[in-house]
Amino acid sequence: MFTGIIQGKAKIQEIKAKDNFRTHIIKMPQDLLDGLTLGASVAHNGVCLTVTAINHDLISFDLMQETLKVTNLGDLQVGDEINIERAMKIGDEVGGHLLSGHVYCTATVADIIRSENNCQIWFKLPNTEVMKYILTKGYVAVDGISLTIGAVKEQSFCVNLIPETLQRTTIGQKQLNDKVNIELDSQTQAVVDTVERYLSQQK
């Protein structure tokens, strides 16, 4: 489990590509290395991956075809930065909201509106079916960042970002049409699906 509070950014040092399979080697920030072991879970742009090799601060992760297809990790290149969060421990403060690290889909950056102390980004989702889980003032994870939904319009939603979030994560580097990973709030999903099932049974 994760909290959506990004702990740092890591640069991709090497990519080993095979048929329908990749290994990403990242340079892990020094303050996130303590206690890291083989088999540990680390979120990359919100995607839960498993540590497969440790060479000082160079950490390897394997990506299967499904991960490459559903998320934006398959688009990454050597030198790109990703958002990093290590798995939460029992007793940790949950500053964001609980995340599983299982990305539901990707969205594209549709608009970026900047002002002196704020940045509003609009994201377009792939279909209207996903929109039933996107509620104003609800939670969503964008590239692993726990965010509050500011507004919803047709097939899009926006978030408002403070300077700290822009500095700490990669979201401030996003440009129009870039893809981001979306993890829906599990509690919202459960409520919406339950209500839908109940209503269908009343017909």
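Guide: The C-alpha centres of domain 1 and domain 2 lie 22 Å apart. The model is a predicted one, in which local features need pLDDT of at least 70 and side-chain atom pairs count only at pLDDT 80 or more, while totals for chains, interfaces and linings use all residues. Residues are numbered from 1 along each chain as its sequence is written, and side-chain values use heavy atoms, with hydrogens and water left out.

Visitor: What are the bounds of domain 1 and domain 2?

Guide: Domain 1 covers 8-86 and domain 2 covers 105-189, bounds that come from an automatic or database domain assignment.

Visitor: How do you know how much area is buried between domain 1 and domain 2?

Guide: Buried area is the accessible area (1.4 Å probe) that two parts lose on being put together, summed over both, and for domain 1 and domain 2 this comes to about 940 Å², of which carbon and sulfur atoms give 35%. On the side of domain 1, Lys9, Asn72 and Asn83 supply 46% of the area buried against domain 2, more than any other three residues.

Visitor: Why is the link of Asp75 with Lys179 called a salt bridge?

Guide: The term asks for a side-chain nitrogen of Lys or Arg within 4 Å of a carboxyl oxygen of Asp or Glu; the closest N and O atoms of Asp75 and Lys179 are 3.1 Å apart, so the pair qualifies. Across the interface of domain 1 and domain 2, the rule finds 1 salt bridge.

Visitor: What makes Tyr104 and Tyr133 an aromatic pair, and why is it edge-to-face?

Guide: Rings of Phe, Tyr and Trp (its six-membered ring) pair if their centres lie within 6.5 Å, and planes under 30 degrees apart count as stacked, over 60 as edge-to-face and the rest as tilted. Tyr104 and Tyr133 are 6.3 Å centre to centre with 70 degrees between the planes, and therefore they form an edge-to-face pair.
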